[in-house]
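Welcome! Please take a look at the structure below, and then read on for a short tour of how its parts meet.

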Amino acid sequence: MAKTSLSRLFASLSEHSIAKPSFTGSRSESVTRSAYNSVTRFVCSSAQETQLIREERSNEGDREAAKENLESVNKEEDEGEDGDHVNKETGEVSGPKGPEPTRYGDWERNGRCSDF
Amino acid sequence: MPTKRTLMVMWCIQVSADPGVAGLRYALEVAKHGSVAIITKAEPHESNTNYAQGGVSAVLCPSDSVESHMQDTIVAGAYLCDEESVKVVCTEGPDRIRELIAMGASFDHGDDGNLHLAREGGHSHHRIVHAADMTGREIERALLEAVVNDPNISVFKHHFAIDLLTSQDGSDTVCHGIDALNTETQEVVRFISKVTLLASGGAGHIYPSTTNPLVATGDGMAMAHRAQAVISNMEFVQFHPTALADEGLPIKPKKTRENSFLITEAVRGDGGILYNLSMERFMPLYDGRAELAPRDVVARSIDDQLKKRNEKYVLLDISHKPREKILSHFPNIANECLQHGLDITQQPIPVVPAAHYMCGGVRAGLQGETNVHGLYVAGEVACTGLHGANRLASNSLLEALVFARRAVQPSINYMKSSSLDLSASSLWTRPLVPKSLGSDVMHKILRITKEVRKELQSIMWKYVGIVRSTSRLQEAEQKIGKLEAKWETYLFEHGWQQTMVALEACEMRNLFCCAKLVVSSALARHESRGLHYMTDFPHLEESKRLPTVIFPSSHTTGTWSSRQLHQQPIVKSMV
């Protein structure tokens, strides 16, 4: 076996301050960045500009409004030439219909989460 | 009377359920150099790969970078990741995905023909490749097709792996194959193989509520531990906070759900509120972000409430939202609940955390090698150092793909240097099917084993859940020890012998082994990091930023679950 038991520890990021999710009720930052603060969806292409939809979660009203926008955009779906479903907003072909599955960070379809 | 079968192959790949991504990928490569046996406990559609329906992550966009993927992985892993493993996976991932596409896996793309990439929690770029809802299944379909068409690969379905066949050569342990039980014919089959790869997945069923299929009983981890392989980081068990809790449904499902129905974070994101069974909203007590706190915080909070209040589930209420919205966003949840008498537009949803993924496992080097010569590991069964203390979303399929590929050349080289042949097959006692016990005794044993499994799961959930403490872990250790002793005594009092095998008993033995590994690992880490939270060590300790390593114990003492069935021969220069 190539490696010794402790020889390949990761060391170079130790200068980052590590805040642990608090369990004592006080506010703290999570060590895990989440996608809660943004919903972004684009097709990666060197020729295309990316389209970003930023969604603030500062208050529920804004969130609701943003969700409505996203839904109405997602509802504008075209049929491609071969009859494949094409998401008008993102250009994704044959992808999942409806709201973006990863909009809250996990992968969900119709309410059931299958990856997180 | 079935004859004793021994097969000689170059490679033996053990997969507990389904030949998932790791096993299939490896098989296809090594089959170019010799015969391969893939042994699988069930039917080829049951693995955790199949349930990995979200996507697989890789750097496939010019504006993304390997460094960024590495950084995201390391942050998610609470800085416990192995830097070299992270670099290797993030660097080689894109090529592994491209190979899958070349093999015919069909991923969603944009109308300009480029891959469509989604973005999941913890990722700072869009890098999740997916096939609508069924990425895992799509990858597997493409690989299975190639495997079926390969004349050098034989798939042995319904073959349950019992123990690795190993020998001692000085201080080295060497693996020479696997004993398996054909659960359809009740025949023991011995596979002599120059190289063995374990791609056997996770051990979710040490807990009562898990997303894993029934076959995920930690077989590979247990076999490897019994074979003197080093195990690492078993304390890092990933739970999802909100699985549908069947106990809280008005109409209980007719039979126990095999794998949990996870309620998406989107329910909380859309305004769902968490209550305990006294209808007290508890999240604000734990975090200022309340229900919008990170998933791991929510999981701990729910766990704490359940343990403090001795309750079985909490409630997630979205019924205050407009009915049409609920039904259009969450029809899956609505339908599932309605079938069991619950209307989520009127009532709260009962939820409980479910065990999902084991970040730890058999300690592997950068080639998937273990400390047992001739034994390689890939996928969830392995601990490569990629995940550290917490897995980043969609990295697990990627890990499986990369490490399975990396194990190929080293194991081909190892195979070529091996002079192992079928004459080795007589070195180990054959496992014995318990026909002599008679059906009455077997029924009793099966019934007791089923109860013992539930009891073990209950202990694990109660004492080795999401929020831990030294005293609770020690209590778990004691209770598990007593339970195991009680079970083994029962078996042996009823005529069970050391070398006897039956599916349920062997699974139980593996569950005990994995449960004890989780408890030992958890007791060893005197800090809280990532998925491992201890109330008596609630902070991160820089000095403890090291993997937890469990070395094998003596194989001459210990319980039935911690020893191989057979006596390990000491043979010089078998390889």
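Between domain 1 of chain B and domain 2 of chain B there are zero salt bridges, a salt bridge being a side-chain nitrogen of Lys or Arg within 4 Å of a carboxyl oxygen of Asp or Glu. This is a predicted model, in which local features need pLDDT of at least 70 and side-chain atom pairs count only at pLDDT 80 or more, while totals for chains, interfaces and linings use all residues. Residues are numbered from 1 along each chain as its sequence is written, chains are lettered from A and ligands numbered from 1 in the order in which they are written, and side-chain values use heavy atoms, with hydrogens and water left out.

**Where domains 1 and 2 meet**

- Chain B is assigned domain 1 (8-53 + 133-234 + 358-419), domain 2 (240-353) and domain 3 (437-546); these bounds come from an automatic or database domain assignment.
- Nine residues of domain 1 of chain B are in contact with eight residues of domain 2 of chain B, where contact means heavy atoms within 4.5 Å.
- The two domains of chain B, 1 and 2, bury about 640 Å² between them, and carbon and sulfur atoms give 41% of this; buried area is the accessible area (1.4 Å probe) that two parts lose on being put together, summed over both.
- On the domain 1 side, B:Ser209, B:Thr211 and B:Leu214 supply 55% of the area buried against domain 2 of chain B, more than any other three residues.

**Salt bridges in the whole structure**

- Over all chains, the structure holds 32 salt bridges.
- B:Arg509 and B:Asp163 form one, at 2.9 Å from N to O.
- B:Arg509 lies in helix α16 (residues 503-524) of chain B and B:Asp163 in strand β8 (residues 159-169) of chain B, so this pair ties together parts 346 residues apart in sequence; helices (H or I, at least four residues) and strands (E, at least two) are DSSP runs, numbered from the N terminus.
- Both B:Arg509 and B:Asp163 are buried, meaning under 20% relative accessible area (1.4 Å probe, protein chains only).

**A pair within one helix**

- B:Glu29 and B:Arg25 also form a salt bridge, with their closest N and O atoms 3.5 Å apart.
- Because they are four residues apart in helix α1 (residues 21-30) of chain B, B:Glu29 and B:Arg25 are separated by about one helical turn.
- B:Glu29 and B:Arg25 are both buried.

Note on methods:
Buried < 20%, exposed > 50% of the residue type's maximum accessible area, 1.4 Å probe, protein only.
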